[in-house]
Amino acid sequence: MDRKNAWFLNFDAEDELARPAGYTPSRAMRARMSALVEKVRALLGPGDVVLEEGPSGIVELRGEEASRQTEGELRGMAWCPTPRAEKALGRVGVTLGARPPLAVLQAVNHRRFSAALGQTLPGARFAGTPDEVWAALAGESPTGRWLLKRAHGYAGRGRLEVEPGRSGDLERARKWVEASLRAGGGLQVEPRVERCGDFAIHGYLRASGEGESAGAGVVLGEPTRQTCDRAGAWVQSARAEPGDLSAEEREALFEEARRAAIALREAGYFGPFGVDAFRWTDARGQRHFNARCEINARYSMGWAVGMGDRRPDLEGPGRPE
């Protein structure tokens, strides 16, 4: 019998990575995560089941074949293999296979990780102190506005838009910046530009083998076109169609995916990942392409859409390596 998968879809993984000790999602967050399950149904293989936390935190299996599954027939899969995911799967007798250590997950999902590969917008920088934040905000932005992003963020959370020339904005930002830096991790500071197209590319990085080069073991999907709200939260994904991306934009997206894969491998990560990108327009109406605005070292909402039938994560009798 083919082994099926039991998924723990911890969409809030970044919250745990930011403060792993004792992290517990609120009831509102659990309800939100439950509602998102149907939006990533394409991620699941035939007969797979989902673990869900109820209001009281009790973990249950959800799926048409859940009642027919036994502990020995299921292998554990997680949106991001954090300690909470491991614990939740363990409550129903399912274990995760090989996975990166927590410290690696924290490092590669930190905004500093992507920033270290090079900033991709004019005037952007990763700031570790208040002085560095104010220095960045004193620089020139194509729009006169800036976007501050906390070290671990998702779905448009942990962001603040600042317009230094607007009365009261810097004072309002000061309190937010100080609170964010006290929490640790630094801030990504970048110009708030006008997006006119959101895209992504997804991939899977197999666990490294002896003698394997840094770029080996990477399976990439096809580019996706994303719909996001103004706050940057994902709404839906579809495969990019001919004409959605120029040849230069498409190549730049694949190049950033390959660069991200090499950096992830060198950091000790393996598993699913994605690179978000967007097209933006400056004040003169000229279009630019930001081929890497974010790296997600985990599954993401459009991952299964981009990967299609390229699913190395579902290969083999156990969790793939």
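Rings of Phe, Tyr and Trp (its six-membered ring) pair if their centres lie within 6.5 Å. Keep that cut-off in mind for this tour of a predicted model.

**Stop 1: the aromatic cluster.** Select Trp7, Phe11, Trp79, Tyr299 and Trp303. Together these residues make up one aromatic cluster. By the ring-pairing rule, the count comes to five aromatic pairs.

**Stop 2: Phe11 and Trp79.** Zoom in on these two rings. Their centres are 4.7 Å apart and their planes meet at 65°, so the pair is edge-to-face. Phe11 sits in the loop between β1 (4-8) and α1 (13-18), and Trp79 in the loop between β4 (74-78) and α3 (83-90). The pair links distant parts of the chain, 68 residues apart. Buried or exposed? Phe11 and Trp79 are each buried.

**Stop 3: Tyr299 and Trp303.** Tyr299 is buried, as is Trp303.

**Stop 4: Trp134.** Which residue lies over the face of Trp134? Select Arg174: it is 4.7 Å from the ring centre.

**Stop 5: Thr95.** Finish in the loop between α3 and α4 (102-108), where Thr95 is found. Exposed means over 50% relative accessible area. Thr95 has 60% relative accessibility, so it counts as exposed. Next, select Arg75 and Gly76. Thr95 is in contact with both, leaving aside its neighbours within four places in sequence.

How values were computed
Residues numbered from 1 in each chain as written. Predicted model: local features only at pLDDT ≥ 70, side-chain atom pairs only at ≥ 80, totals over all residues. Heavy atoms only, no water. Phe/Tyr/Trp six-rings, centres within 6.5 Å; stacked < 30°, edge-to-face > 60°. Helix = DSSP H or I, 4+ residues; strand = E, 2+ residues; numbered from the N terminus. Buried < 20%, exposed > 50% of the residue type's maximum accessible area, 1.4 Å probe, protein only. Lys NZ or Arg CZ within 6 Å of the ring centre and 35° of its normal. Contact = heavy atoms within 4.5 Å.
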